[in-house]
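Trainee: I'm new to this one and would like to learn how to read it. Could you take me through it feature by feature?

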Amino acid sequence: MAAKRTTKKTNVSGDELKQYYYDMLMIRRFEEKAGQLYGMGLIGGFCHLYIGQEAVVVGLEAAAEEGDKRVTSYRDHGHMLACGMDPNGVMAELTGREGGYSKGKGGSMHMFSKEKHFYGGHGIVAAQVPIGAGLAFADKYKDNGRVTFTYFGDGAANQGQVYETFNMAALWDLPVIFVIENNQYAMGTAQKRSTSTPDIYTRGTAFGIPGEAVDGMDVLAVKDAGERAVAHCRKGKGPYILEVKTYRYRGHSMSDPAKYRTREEVQKMREERDAIDHVRQMLLDGKHASEDELKALDKDIKAIVNASADFAKESPLPAVEELWTDIYA
Ligand SMILES: Cc1ncc(C[n+]2csc(CCOP(=O)(O)OP(=O)(O)O)c2C)c(N)n1
Ligand SMILES: [Mg+2]
């Protein structure tokens, strides 16, 4: 049972809250299923789960509008689901099948959807940061009012290319929101062992980029901050930094010895800070939903996730000739 949390009064409707609950739970159930399929040997290669961080992407998607773009790291399944990509296509890509978003040739870290303005899925730490600024450059050039959410981790925030990007994004007033998902660890390295100052959101100061820290275990706080960042970008004021403090419950990837933190630390976060439990409690307290309704939602979500796993298992492996397609040369 989650400990009671307090939340300041909000003006979101019961229906909106229910939607956030649904979207976060969808990511969690999808990731649990992906973990199971990995354990069964149906998913090969790397697989980085997003469990614990769901409120980050769901809160920010709530602040986005049609046509806005997003780009992220290898921990990308949640971002894809939250922007409306099809769970079947994502799960089939995880299992390396023809029905996957990259026809089974990309896997967990390499999926894209032009339709949903999702630009990956990038395995090289921080490589997506200049790409995000490039996407925003295109939007500025076209003067179309769109913004780009560029997600990266606390570890990635120590990469040099982040600061080259900050400089150019600020110089050209690009409509890009740099979202630092600070889950407190970069693989097995705790933030305090790797990072000279605890407040990563201040790292834009030298470039004149405003930033703020956000409680990433509170979907409404994330949405509020996202709206401020979006408004700033859409007014033509240039980039904005959101350091969203979050936590991953599972290992860095599926192969993680987990020796760098205690079980108690993880357990405490799950019990006291879980973002899904938090919204669940708000829904019940506000009488927006009953226990039975929430149970039924979970059942619907599990059915969609199970169907995606069936689709992924039944989809054929890519044909051998596919080896010679989609090659950039
Ligand atoms: C340039 C580069 N260096 C090292 C790695 C190996 N690596 C993969 S993930 C990772 C840690 C990144 O941590 P963080 O940015 O905090 O993201 P998180 O995994 O916590 O989401 C490292 C060092 C890599 N993929 N690319
Ligand atoms: Mg991290």
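Predicted model: local features only at pLDDT ≥ 70, side-chain atom pairs only at ≥ 80, totals over all residues.

Mentor: Let's begin with a pair of strands: strand 1 (residues 69–71) and strand 2 run parallel and are joined by 3 bridges. Strands here are DSSP runs of E with at least two residues, helices are runs of H or I with at least four, and both are numbered from the N terminus. Two strands pair if DSSP finds at least two bridges between them.

Trainee: Which way do the side chains of a strand point?

Mentor: In a regular strand the side chains alternate between the two faces of the sheet. In strand 2 (residues 148–153), T148, T150 and F152 sit on one side and F149, Y151 and G153 on the other, and all are buried. Buried means that 20 or more other C-beta atoms lie within 10 Å of the residue's own; exposed means 12 or fewer, partly exposed is in between, and the C-beta atoms are placed from the backbone.

Trainee: Which bridge partner does E181 have in strand 7?

Mentor: That's V244. Strand 3 and strand 7 pair in the parallel sense over 6 bridges. Strand 7 (residues 240–245) has 6 of its 6 residues buried: Y240, L242 and V244 point one way, and I241, E243 and K245 the other. Strand 6 (residues 211–215) also runs parallel to strand 7, through 5 bridges, with D215 opposite K245. The chain gets from strand 6 to strand 7 through helix 8 (residues 219–234), in a right-handed β-α-β crossover.

Trainee: How do I read a loop residue, say A156?

Mentor: Ask where it lies and what surrounds it. A156 is in the loop between strand 2 and helix 6. It counts as buried because 21 other C-beta atoms lie within 10 Å. Leaving out residues up to four places away in sequence, A156 touches S73, V125, A126 and V162; contact means C-beta atoms, placed from the backbone, within 7 Å. The C-alpha atoms of A156 and A186 are separated by 8.0 Å, though these residues are 30 apart along the chain.

Trainee: And what about backbone angles?

Mentor: Most residues other than glycine have a negative phi, and most peptide bonds are trans. Here K103 has a positive phi of about 55°, and phi of H117 is near 60°. K103 lies in the loop between helix 4 (87–94) and helix 5 (128–142), and H117 is found in the loop between helix 4 and helix 5 too.

Trainee: Why is K103 partly exposed, and why is H117 buried?

Mentor: K103 is partly exposed because it has 18 C-beta neighbours inside 10 Å, while H117 counts as buried because it has 20.

Trainee: How should I look at a helix?

Mentor: An α-helix has 3.6 residues a turn, so residues three or four places apart point the same way. In helix 11 (residues 291–314), the buried residues are I301, V305, S308, A309 and A312. They pack against helix 1 (14–39) and helix 4.

Trainee: Which residues have the most contacts inside the largest nonpolar core?

Mentor: M24, I177, L242 and V279, in a core of 85 residues. Helix 1 gives the most to this core, with 10 residues. A nonpolar core is a set of buried Ala, Val, Leu, Ile, Met, Phe, Trp, Tyr and Cys residues joined through C-beta atoms within 7 Å.

Definitions and conventions
Residues numbered from 1 in each chain as written. Chains lettered and ligands numbered in written order. Expected span 1.5 Å × (residues − 1). Contact = placed C-beta atoms within 7 Å. Right-handed = clockwise from strand over helix to strand, strands pointing away.
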